[in-house]
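Subject: A structure for you to explore

Hello,

Here is the structure I promised to pass on to you. Have a look at it first, and then read my notes below.

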Amino acid sequence: MNYAYQINEIKSLVEHYTLKSSFSPNDLSANTNTEFKKAAYHLFYELIKLKSLRIYQEPNHITELFGLIKQSSFQDRIEKKALAHVEYWWLEWYFALEMDEKINTEKNNTAMSYLSQSTQHPMRKHELSHYAKLFAALPMPVCNVCARTGDILRVNQRFVDVFGYTVKDVPNLNIWWQKAYPDIKYREFAKTLWDNSLQLALKNNNDIPANNYRVSCKNGSQVMMEVSGIDIGEEFLAVFKDATERLQAEDILRDMAFLDALTKIANRRRFDEKLTHEFERAKAYEGSLSLIILDIDHFKEFNDLYGHVAGDTCLYDVAQKIASTVSRPEDFVARYGGEEFIVLLPQTDKQGALFIAEQIQKAIENLAIAHEGSFTGFLSVSMGINTIDKCTASDELNFIKAADSALYYAKRQGRNCIALSAN
Ligand SMILES: Nc1nc2c(ncn2[C@@H]2O[C@H](COP(=O)(O)OP(=O)(O)OP(=O)(O)O)[C@@H](O)[C@H]2O)c(=O)[nH]1
């Protein structure tokens with residue numbers, strides 16, 4: 001794995017999206033192309049995974065990598081613009097990862113933030129004495145408040161640009177709270193959070209720890225802001241940082257923790273969570289819940305005959321096929337283990353589950369993956385089904401066990417077979 005590989009991956013992503021006829025740089029700057037952004041995050045995730053496996057041959061430096069791409073064949077204006085966005089997202093992605101790590105390591109420590117830690121630098125006091133000069137040039141919204149009276153002494157231009165309020169609009173904290181947090185309940189929550197942060201600042205070298213706030217702007221729009229600051233005795237300085245993109249990145253990270261890397265469907269961890277949730281729901285509402293466990297037949301032989309790479313591709317194809325066959329939004333598909341998959345079907349009785357299992361069987365038959373070790377000459381699967389309804393006394397473990405027993409019954413019947421649990 002080397003730079004050329006990484007460059008090509010990024011290039012093909014950019015090319016793929018810029019080739020789309022509907023695509024224009026204006027779409028990008030309006031930030032509407034979330035599909036592109038998601039695909040970029042997905043790519044970063046793959047590249048970062050490679051890095052963590054330590055199979056990079058060269059030292060990896062993001063700027064250097066993008067520098068190399070820029071020198072190469074990216075001539076077209078649209079492609080350059082798209083590439084600039086991908087570069088920006090990559091930096092953002094690394095930032096989100098760093099934040100994630102920090103949040104995790106800081107959980108056991110005092111609640112210090114990335115921003116507030118940076119202010120512990122020995123230069124901080126010196127910088128503070130000169131903050132007035134820097135104030136106007138700061139790239140993030142900043143406001144300076146008299147701690148005693150609550151008067152807002154000054155805001156910088158970025159503050160006006162982002163929120164739309166000038167000092168005339170928000171001359172003191174009382175008015176700021178009302179305008180920036182019009183919802184009374186949310187305002188109470190935000191005030192308490194901020195007061196607690198100010199208390200913490202007294203113990204924390206005057207750094208006001210960062211928290212996220214949903215701020216309402218003058219034009220009625222809302223922005224998620226990470227607000228931290230510095231208590232400087234008579235006054236304090238509140239520093240705002242746009243948290244929208246980071247929170248979205250964290251959401252994607254969270255989703256990825258539940259994704260199976262090979263098959264790109266949900267993993268076992270996600271299934272365990274989902275099962276607990278659906279099981280409780282089915283019990284509470286006395287609804288039915290069905291579970292299909294699916295196992296590829298003679299998969300060891302498939303690997304032996306065609307190799308592990310073909311085996312991996314086959315797992316991906318089967319997983320995607322199952323996922324596309326099961327179509328109701330509440331239905332759920334996951335990789336359960338090696339060549340085993342799970343389909344969880346809320347509000348579905350035995351007959352319904354059998355119907356879905358037959359659909360899956362047909363869909364896999366249609367994939368027509370050659371398998372010389374199989375009786376039919378093609379890859380097949382076996383499935384076990386279990387259903388609970390209001391009359392069934394079962395717990396999660398027994399629910400799975402019964403489906404598993406049905407699966408092994410299906411295997412004993414000669415495979416390429418569906419069996420229903422006797423429950
Ligand atoms: N290529 C590949 N193979 C895997 C993966 N996970 C599990 N396997 C293989 O799947 C095979 C499962 O073998 P067995 O449990 O004996 O099952 P089987 O050969 O399918 O036999 P039956 O289930 O009885 O039909 C093993 O050889 C595993 O190495 C994977 O991620 N990729």
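Let's begin with two strands: strand E9 (residues 381-388) and E10 run parallel where they pair, and 3 bridges join them. Find Ile-385 and you will see Leu-420 of E10 standing opposite. Please keep in mind that this is a predicted model.

As background, the strands of a sheet are held in pairs by backbone hydrogen bonds, and the pairing can be parallel or antiparallel.

Now for the whole sheet. The sheet is open, has 5 strands in the order E7-E8-E6-E9-E10, and its pairing is mixed. Strand E7 (332-337) and strand E10 (418-420) form the edges, each with pairing on one side only. On average, neighbouring strands here are turned by 20° against each other, direction ignored.

Which strands does helix H13 lie across? Helix H13 (residues 268-285) lies across E6, E7, strand E8 (340-346) and E9, and makes an angle of about 130° with E7. Helix H16 (residues 350-367) also packs on the sheet, where it touches E6, E8, E9 and E10. The direction of H16 is at about 165° to that of E9.

Finally, the ligand. There are 17 residues around the ligand, and those that come nearest are Asp-297, Phe-299, Lys-300, Gly-311 and Gly-338. Strand E6 (289-296), helix H14 (299-306) and helix H15 (308-325) each give at least two residues to this shell. Sorted by class, the shell holds 8 charged, 5 polar and 4 nonpolar residues.

Enjoy exploring!

Best wishes

How values were computed:
Residues are numbered from 1 along each chain as its sequence is written. This is a predicted model: local features need pLDDT of at least 70, side-chain atom pairs count only at pLDDT 80 or more; totals for chains, interfaces and linings use all residues. A residue is near a molecule or strand if its C-beta atom, placed from the backbone, lies within 6 Å of it. Helices (H or I, at least four residues) and strands (E, at least two) are DSSP runs, numbered from the N terminus. Ala, Val, Leu, Ile, Met, Phe, Trp, Tyr, Cys and Pro count as nonpolar, Asp, Glu, Lys and Arg as charged, and the others, Gly among them, as polar. Two strands pair if DSSP finds at least two bridges between them. Axes are lines fitted to C-alpha atoms, for helices over the stretch in contact, and angles run from 0 to 180 degrees between N-to-C directions. Two residues are in contact if their C-beta atoms, placed from the backbone, lie within 7 Å.
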